[in-house]
Amino acid sequence: MELQEANVYVEMEPRLQAAVARHRSGHRTMATAATSPDEIGVIALVADLDAWRSRSDVREGVTLGETDRGTLVTARVPIGRIDAIRQATEVRSMKAAQQLSRMLQDTVREIGAGPGALPVGVHSTGGAGAIVGVIDSGADFAHRNFRHLVGTTRLLALWDQSGPTTATSPAGYGRRFSSDEIDAALRTGDPYTALGYAPAADTANEQGAHGTHVMDIATGNGGGSGVPGVAPDADILFVEPALSDIAWQGPGAVESVFGDSVQMLEALHFIFNEAGERPCVVNISLGTNGGPHDGSSLVEQGIDTLVRQRPNRAVVIAASNSFADGIHAAGVVSQGGSADLVWELAQVPGESELEVWYSGMDRFAAEIVAPGGRSLGAVELGSNAEVTSDDGRTLLFVSHRASDPNNGDNVLGVFLDAGVPGPEWTIRLHGTTVGGDGAFHAWIERNDGAQSSFRPPHDNSHTVGSIACGQMSVVVGSYDAHKAATPLSWFSSAGPTRDGREKPELSAPGQDVLAAHSRTGTGVTRKSGTSMAAPAVTGLVAVLLGEAAARGQDLDADRIRAIVLASARTDPPPAEAWDPRYGSGRVSVPGALKQLA
Amino acid sequence: LPEPNDPFELRHVPSGPWRKISGSASQASAGHDDTLAVIVKVRQPGYVPRAARRRAAISDTLFTAELERRLLPELERDPLVVSVELGRPLHGAE
């Protein structure tokens, strides 16, 4: 890497200089909704509006108004003409348009995390003294937002679960990098190669690593991008989940899969072990659809156990983005009656899977109806059935388990291979014996390449992710902080849990968030999702834990949850009751800190 | 009922579903002799079944482990094992 002097008009505004320099070096910008390739949006102060409008190299935008020095206007101009336009006599000044309304600072401002918004008497700011743990894909340790002013890393450790196994590997696999090892790599010209770990390079579908973006919202210090996250003074622990540390059989080998629930639990165990007695909050912006949705799964029991083991621990989980996906259905089957689940396959081939959970006091039979309406037969409770191809491949598999040991409920699982025909299959539930309420809930597992869904109209309740239904986690929905009304994000999943508990607990800005772009050193990229909302709350909890530590207070998980919920802002949502998507309200850093008094 | 030689003939699988072992239907259908990552809950603190290699102790009665799929029946029969959960793939919520 070599620093080269750029011969660009030095009095020009820096972002315009950068655009001109990039243009001269051969870079071409992408077209956006407002600009053509190799154009840039500008705001200009012009002395002669007619002369400005007559220029052939100016695509006029809007007139913003008069000032005492001229008229303020917007326009799109060719990057190659910036020099000429900037020096024209009718132009007093010109700046590149900034998308300030989409910066991470909107998250920080809207939730009140900036220093000026904190209540009087706060002892600690920015999560100093606390640790933010992140379990996610792609930690760009070289990005300046995760380095101290002197250039050293803010990461206390990084566990790459896919890394080479050593004698000291956590849980017996992957590689743990210490802060010393990361610092040594940062002192080289190619820190990624030196460390043997790197966030994935950009692809056409993925601009910037998910984990770097998430980490920045929670705890970036703005050292590169200029915009800090919610808890910029916290220390960091990061775990990169293995795609699979051992062979995983099934429909998991797609690019959006970030490890599995076992590795995630091991990652959480690792982070809390590394943190020791220090306050620590862990962000999990991962999820899946299949599961009991009542907090009884072993991974959720594991999360609850780890959080309860020591004070000053918390886990924050993204609610999920499944609200509009049609992946949930519910109903009631009466004794001798039936209910149909019509399952529409994607138009492109892909594996599909659904689960139906119902009371252990009921006994259903599951009739499988193929496309065209022909019944293949019924699968009774306590039995498995399958359809195989001539070469022995499983095309359809049905597992009908009685009395799950963790909650006593029955569960029906149906798996369809990519080769089965569409457009729709029907799972007909027959009420053989209804000793309970006959109620059932069904979820279709996520498959980004070929997502199937239930036939509309959809019941989009109960779409919170299945690892997010535990007792102790804090689950976060998403809203749009760029609009004054802070509307819900269209994708943000809804509660409650299957056993009727109120999740998500609260919501945070998660739409169009610009945060750290991996492998750029200083850049940012835009992402949306409850993945981006959860780390805002993670940052809040880090600030809260840092302040509590500064005051000599211990906060157990119940107290942390109570503070966060009590401080949530309403209007929206209405103050009267918990909202299935906003939760108790919108996150508030000052509100949480005031609860400590 | 399916017609003779129907390519979609539903056949009942002789071995019924596990009672203690939960996981997705695709995992239940897998017949490979592979190694699995699981979460195990046991009745007796500190107990680890012979078939499992413990990886991380979450508590005295809850741990992560790996084991060969062919040994799952041992855990199913083990009276000290409460439940076994196979890992589910996780996705980013972006």
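**Terms and their grounds**

Analyst: Strand β11 (residues 286-287) of chain A and strand β7 (residues 89-92) of chain B run antiparallel and are joined by two bridges. Strands here are DSSP runs of E with at least two residues, helices are runs of H or I with at least four, and both are numbered from the N terminus. This is a predicted model, in which local features need pLDDT of at least 70 and side-chain atom pairs count only at pLDDT 80 or more, whereas totals for chains, interfaces and linings use all residues. Residues are numbered from 1 along each chain as its sequence is written, chains are lettered from A and ligands numbered from 1 in the order in which they are written, and side-chain values use heavy atoms, with hydrogens and water left out.

User: What makes β11 of chain A and β7 of chain B a pair of strands?

Analyst: Two strands pair if DSSP finds at least two bridges between them, and two bridges join β11 of chain A to β7 of chain B. Within this pairing, Gly287(A) stands opposite His91(B).

User: How do you know whether Arg55(B) is buried or exposed?

Analyst: Buried means under 20% relative accessible area, exposed means over 50%, and partly exposed lies in between (1.4 Å probe, protein chains only). Arg55(B) has 9% relative accessibility and therefore counts as buried, and Glu266(A), at 1%, counts as buried too.

User: Which class does Arg70(B) fall into, and which does Glu68(B)?

Analyst: The side chains of Arg70(B) and Glu68(B) meet in a salt bridge of 2.7 Å, N to O. Arg70(B) counts as exposed because its relative accessibility is 52%, while Glu68(B) is partly exposed because its relative accessible area is 32%.

User: Why is helix α9 of chain A described as largely enclosed?

Analyst: Nine of the eleven residues of α9 (residues 298-308) of chain A are buried, so the helix is largely enclosed by the rest of the structure. Among the buried ones are Leu298(A), Glu300(A) and Val307(A).

Terms used:
A salt bridge is a side-chain nitrogen of Lys or Arg within 4 Å of a carboxyl oxygen of Asp or Glu.
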